[in-house]
Amino acid sequence: MTNRPDARSMIRLSSRCFALEVDKRALVVTMACGLVIAMLTILALGTGSYALTSQQVLKALTYGTTDDRLLAIVWEARVPRSVAAVLVGLALGAAGCIFQSISRNALGSPDIIGFTTGAATGAIIHIIFINAGALGTALASLIGGLATAALVYVLSLHGGITGGYRLVLIGIGVSAMLTALNTLMLARGHIDLAVKARMWLMGSLSQATWSTIGPASVATFVALGLICACARALTIMEMGDDEAQQLGVRVEHIRRLSTLGGVALTACAVAMAGPISFVALAAAQIVRRLTASARVHVVSSAVMGAALLCGADLTAKSIPGPIAVPVGILTGLIGGLYFIALIARQRSV
């Protein structure tokens, strides 16, 4: 069985400098998700303790008003949160697509195989023992994610090859150990810092600021560019390593580069919002079902992840109560049901 798409389902763009093939269904899905993100963002900017109409939001965004209070609410309080929701969703959606392709497993998500937990471990170590600000927490989460990925990759190597259930199962084991370590640090750390770390672990976009969004957004788009460059080779690798090598693909090299890019995306997402569960797991699978294609749709999965997280964040903001519900808790509740349903459909598990 091959992974070659029907030529009628592709749009080919070419010139003297480049040639690009775009799946028609993936293009439609991406554009639809983009429209959904725009609508959800407008609604989110108007939702809060001080409700705004869509007209007020649009006027503030275009500086079509002189109301300083309105401008402050939109640009200083709500736009950073909406931008963070889009960026985190993009990063998680693309990372989930990459890890499911590398592991060739529907459960190959950064939250399942331990990379999200590793990024959280780095951030907790920083908060408990150093506490040097949001930027330091972001860098610590990046280091933690990369270190965890290196450990899982080395332990999953067998005959010079990694991937499949071996990668997933070793990732689950490493994640369990890191979760225990995180709990121990929270129990032994200073009470105030432990509470701060525990709140961060809930996964929330409410604390997003331009100081953390700026550096993380640059790293996110660099990592996205890296994995987009690997997408075609990963699609060929879906046919199997032997076939891919015969077609000239450096399989393990592409796998390492893709893993690096996926971990960087996961760490950037964790740095901006804390651990957000199940967006990475669901986005790529929804795209595969909508496109009816086994190709590695990195861009479509990224945009789908952004749409899912924007929707979850708007829902979290709309839940009445004295305390705002962190979006990480909401995605965990919904994602847990999705995970159970996914496991139930996996006959080989």
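## Aromatic pairs

In this predicted model, the structure contains two aromatic pairs. One of them joins tyrosine 63 and tryptophan 75 in a stacked arrangement, with 5.6 Å from centre to centre and 15° between the planes. The pair links distant parts of the chain, its members being twelve residues apart. Tyrosine 63 belongs to the loop between α2 (54–61) and α3 (68–103), whereas tryptophan 75 lies in helix α3.

The two members of this pair can also be described by accessibility. Tyrosine 63 has a relative accessible area of 56% and is exposed, because the cut-off for that class is over 50%. Tryptophan 75, at 27%, is partly exposed.

## Packing of α11 against α12

Helix α11 (residues 279–291) and helix α12 (residues 298–318) have axes that come within 8 Å and cross at roughly 120°. The two helices are therefore oblique to each other, and α11 passes α12 in a right-handed crossing. On the α11 side, the contact is made by Val279, Ala282, Ala283, Ala284, Ile286, Val287 and Leu290. The α12 side contributes Ser300, Ser301, Met304, Gly305, Leu308 and Leu309. Classified by residue type, this contact of α11 with α12 has ten nonpolar and three polar residues, with no charged residues.

## Packing of α1 against α12

Helix α12 also packs with helix α1 (residues 24–46): the axes of α1 and α12 come within 9 Å and cross at roughly 25°. Angles under 35 degrees count as roughly parallel, and α1 and α12 are therefore described as roughly parallel to each other. The crossing of α1 past α12 is left-handed.

In α1, the residues that meet α12 are Ala26, Val29, Thr30, Cys33, Gly34, Val36, Ile37, Leu40, Thr41, Leu43 and Ala44. Their counterparts in α12 are Val299, Ser300, Val303, Met304, Ala306, Ala307, Cys310, Gly311, Leu314 and Lys317. By class, the contact of α1 with α12 comprises 15 nonpolar, five polar and one charged residues. Ser300 and Met304 of α12 are listed in the contact with α11 and also in the contact with α1.

## Isoleucine 343 in α13

Isoleucine 343 is located in helix α13 (residues 327–345). With a relative accessibility of 28%, isoleucine 343 is classed as partly exposed. The C-alpha atom of isoleucine 343 is separated by 9.2 Å from that of alanine 106, although the two residues are 237 residues apart along the chain.

Definitions and conventions:
Residues are numbered from 1 along each chain as its sequence is written. This is a predicted model: local features need pLDDT of at least 70, side-chain atom pairs count only at pLDDT 80 or more; totals for chains, interfaces and linings use all residues. Side-chain values use heavy atoms; hydrogens and water are left out. Axes are lines fitted to C-alpha atoms, for helices over the stretch in contact, and angles run from 0 to 180 degrees between N-to-C directions. Helices (H or I, at least four residues) and strands (E, at least two) are DSSP runs, numbered from the N terminus. Angles under 35 degrees count as roughly parallel, over 145 as roughly antiparallel, 65 to 115 as roughly perpendicular and the rest as oblique. A crossing is left-handed if the near helix is turned anticlockwise from the far one by less than a right angle, and right-handed if clockwise. Contact means heavy atoms within 4.5 Å. Ala, Val, Leu, Ile, Met, Phe, Trp, Tyr, Cys and Pro count as nonpolar, Asp, Glu, Lys and Arg as charged, and the others, Gly among them, as polar. Rings of Phe, Tyr and Trp (its six-membered ring) pair if their centres lie within 6.5 Å; planes under 30 degrees apart count as stacked, over 60 as edge-to-face and the rest as tilted. Buried means under 20% relative accessible area, exposed over 50%, partly exposed in between (1.4 Å probe, protein chains only).
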